[in-house]
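Here's a quick briefing to read alongside the model. Have the sequence and the 3D view open as you go.

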Amino acid sequence: MSVSTDELSSDIFRPLEVESLRKGWNNLKEECDYWIPPSDVEGTIPEDLRGTFLRNGPGLNEIYGKKIAHPIDGDGMVVALTFVDGRVHLRAKFVRTSHRNDEQSLQRCAYRGEMGTHPNSVLWDTLALLGNAVRLKFPKLQYRNPSNTNVFYWGGKVLTCYETGVPYCIDPFTLNTLGPDNLNGHLQLGCFAAHFRLDLDNDALVCLSLRPGFAGRSPSLAIYEFNSKWEPLNLQMHHIKGMNYAHDFLLLPDYYLLHMTPFVDIPSFIEVVGVLSGLTAPGCLLKYHSHLPSKWVLIPRHSKARLKEVTFIDTDPFHIFHFGTAEQNEDEITFCAVCLGKNFNMTPSRGIFLGNTDVSPGKTHTFRLNLTKKTSHTLHVDWASAEFPTVHPYRHGKNGCRYSYLMASDRKGQNLPYRDIVKFDIMGSKRQVWYSHGCIGEPVFVPRHGWDASHKGEEDDGYLIVQLYVPGKHITEFVILDATDLTKGPLAKIKLKHHIPYGFHGTFTPEVFIGKPSTYQFESKL
C-alpha cells in the first residue's frame, strides 16, 4: 500500500473537533462568481486540465430561522469550478426550485422535507390530521424538492437531481435556474434518480426513475437511454415487487444491474400516521427489515425486455447507496460496491454526515455473479470506512476496469469524518491513500483525454478533484491530485477565503462555460 500524508496533518490519528466540523454545513451567505487570484493557488494547475467541475449539495442548514432536520432537506447549491488556460473560475448559485421561490416570497419555511423538516409543530400537524380524519379526508402532503443531490452536463443541458422530484435545468454559463425539465416530454413517474451512466461508444446517457409501492400499488421503475440530442434510444418500464428503492445502478453491455434492498418497506399504518402527524418522515424510515429479500436485479438492456426476462439473484442482507467498477464476461459479472450493515439508519452521525456511519460504517465489497447458476459470491475487501465511490465516467462496464476512488476514513478507530481518499484496485495490487488535513467530499475523476477518454489512455490517466473543508479556519479548498499516483500529494490547492457548504455528488465535463453563449464556440462532440 502507498500513502501520502498532507503536510498540515503530521499526526494522522489526531481527531478533528466535532463542533467545528458541523460548521461545514452552515449556510452560504452569498452566492459566488469570481476568478480565483493566482496567489490563492498553491502548486500548479495542470496545463491539460480544461473543463468544468460541477458539484451539488445543500447550500443552507436553516430556512428563515427554521433549522432543517437533515442536510438532505437543504436547498441545492451548484458549484462550478472552471479550468481554462491555467486559470480557475468559481461560481456558486442556489437551484431556484419552485419551493425555494415560494419560501423566499413568504420569508418562511413552507414545505416539509423528506428527512423530517417541518414548517409546523407536531401538535399542529396532529390536530390537522385529526381534523382530516373527522372529515374522512386523506391529507395531501407536499414535500420540498431541493434538487440538491447531483448535477451533470449532457447534450447542451445541465440538470440537477433529487430522486423524488423532477430535475431542474440550469444555464451552464450563469448557473441561473431555467426551470423544471421533463426530458423533452419523456420523463416518467414525476421523478429522476440522482445517478446516471454514460455510454459514449453508443452516444447514450442512461438514467432512471423509481416510485416505491404503496397502498396496493406496485413499485414502478423507468429506465431511459437518450442520445446527445435528447432523443430516446430506449425506454423500459417495470413493476417489480420489492423494488422500492434505487439510488444508483450499474451499466453493463447487456444489463442494467440494481440492488433490491431489505432496508425499504411499504410503510405500516402506524408509520403512515407518524409521517402525517410529523413525528417522522419518509426518509427516516430507512432501516433493516429481516423479512425483506436482498437481491440483485439484472434487467436486459434490449428495448423490449419484459419482467419474465429479469434475473433475480439472492445476496447478503445489506444496503447499497453506491457502486464502483463493474465488468461482464459472458455469464459472469464482477463488480464492487460500498455496503452498509444491518444497524445502518439515516440518523446523522453527530451532525457530521448523513447517516449513522460512525457506528455502522460503509465497507467496500466485491461481488461475482454467475448468471447461469444464479449465484452471488461476496468478499469484504477493504477495511476503510467509506462512501461515495467514483470511477472513470466514460468506462462503465468495460472489461479491465479496476479503480474506484473512495471518500474514506482510513484511520484506525475513526469511522468519521471522511478525511482521506482511497484508490481501490479491484485486482488487489495498487491500493493508495491520500491523507488530508480536513474533511473531504466525493472525489471526482477527470479523464485527461476529455470526451476521447472512453478509448484513449489508461483507465486512471487523469486527475481527482475533491472539495475539502478546513475546520477551525472555516474555509474550503479544492484539491487536485494525480489519479495515477496519490502518493505524490496535491498537484494544486485552490484556497478560498470563505467556506462552501459540504456537498453530495459532482461530475466533470470537458466543456468550458465562461463568456456569453453568443461569443463562445463549443468544443464538444455533443
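Lys-93 counts as buried, at 18% relative accessibility; buried means under 20% relative accessible area, exposed over 50% and partly exposed in between, with a 1.4 Å probe and protein chains only. This is a predicted model, where local features need pLDDT of at least 70 and side-chain atom pairs count only at pLDDT 80 or more, while totals for chains, interfaces and linings use all residues. Residues are numbered from 1 along each chain as its sequence is written, and side-chain values use heavy atoms, with hydrogens and water left out.

**Around Lys-93**

- Lys-93 sits in strand 8 (residues 87-94); strands (E, at least two residues) and helices (H or I, at least four) are DSSP runs, numbered from the N terminus.
- Skipping residues up to four places away in sequence, Lys-93 touches Glu-31, Gly-76, Met-77, Val-78, Thr-174, Leu-175 and Asn-176; contact here means heavy atoms within 4.5 Å.
- Gly-113 is 20 residues from Lys-93 along the chain, and their C-alpha atoms are separated by 21 Å.

**Helix 4**

- Helix 4 spans residues 269-277, and its buried residues are Glu-271, Val-272, Gly-274, Val-275, Leu-276 and Ser-277.
- Val-272 belongs to this helix and is buried, with a relative accessible area of 17%.
- Leaving out neighbours within four places in sequence, Val-272 is in contact with Phe-214 and Pro-267.
- From Val-272 to Pro-282 it's 10 residues in sequence and 8.7 Å in space, C-alpha to C-alpha.

**Cavities**

- There are 6 cavities of 30 Å³ or more in the structure. On a 1 Å grid over the protein atoms alone, a cavity is a set of points where a 1.4 Å probe fits but cannot get out, and lining residues have an atom within 4 Å of a point.
- The largest cavity holds about 420 Å³ of space; a volume is the space filled by probe spheres set on the points, with grid points joined across faces, edges and corners.
- It has 27 lining residues, and Phe-196, Pro-393, His-396, Gly-506 and Thr-507 are the closest to the centre of the largest cavity.
- Strand 34 gives the largest share of that lining, 4 residues. Other strands that each supply at least two residues include strand 9 (150-154), strand 13 (197-199) and strand 21 (319-329).
- By class, the lining of the largest cavity has 15 nonpolar, 9 polar and 3 charged residues. Ala, Val, Leu, Ile, Met, Phe, Trp, Tyr, Cys and Pro count as nonpolar, Asp, Glu, Lys and Arg as charged, and the others, Gly among them, as polar.
- The second largest cavity has a volume of about 240 Å³.
- Among the 26 residues lining the second largest cavity, Met-407, Ile-440, Gly-441, Tyr-502 and Gly-503 lie nearest its centre.

- An open sheet of 4 strands runs in the order 21-22-23-24, with antiparallel pairing; two strands pair if DSSP finds at least two bridges between them.
- Strand 21 and strand 24 (375-380) are the edge strands, each pairing on one side only.
- Strand 22 (residues 332-340) pairs with strand 23 (residues 363-370) in the antiparallel sense over 8 bridges.
- Ile-333 has Leu-369, in strand 23, as its bridge partner.

How values were computed. On a 1 Å grid over the protein atoms alone, a cavity is a set of points where a 1.4 Å probe fits but cannot get out, and a pocket is an open set with protein on both sides within 12 Å along at least five of seven lines; lining residues have an atom within 4 Å of a point.
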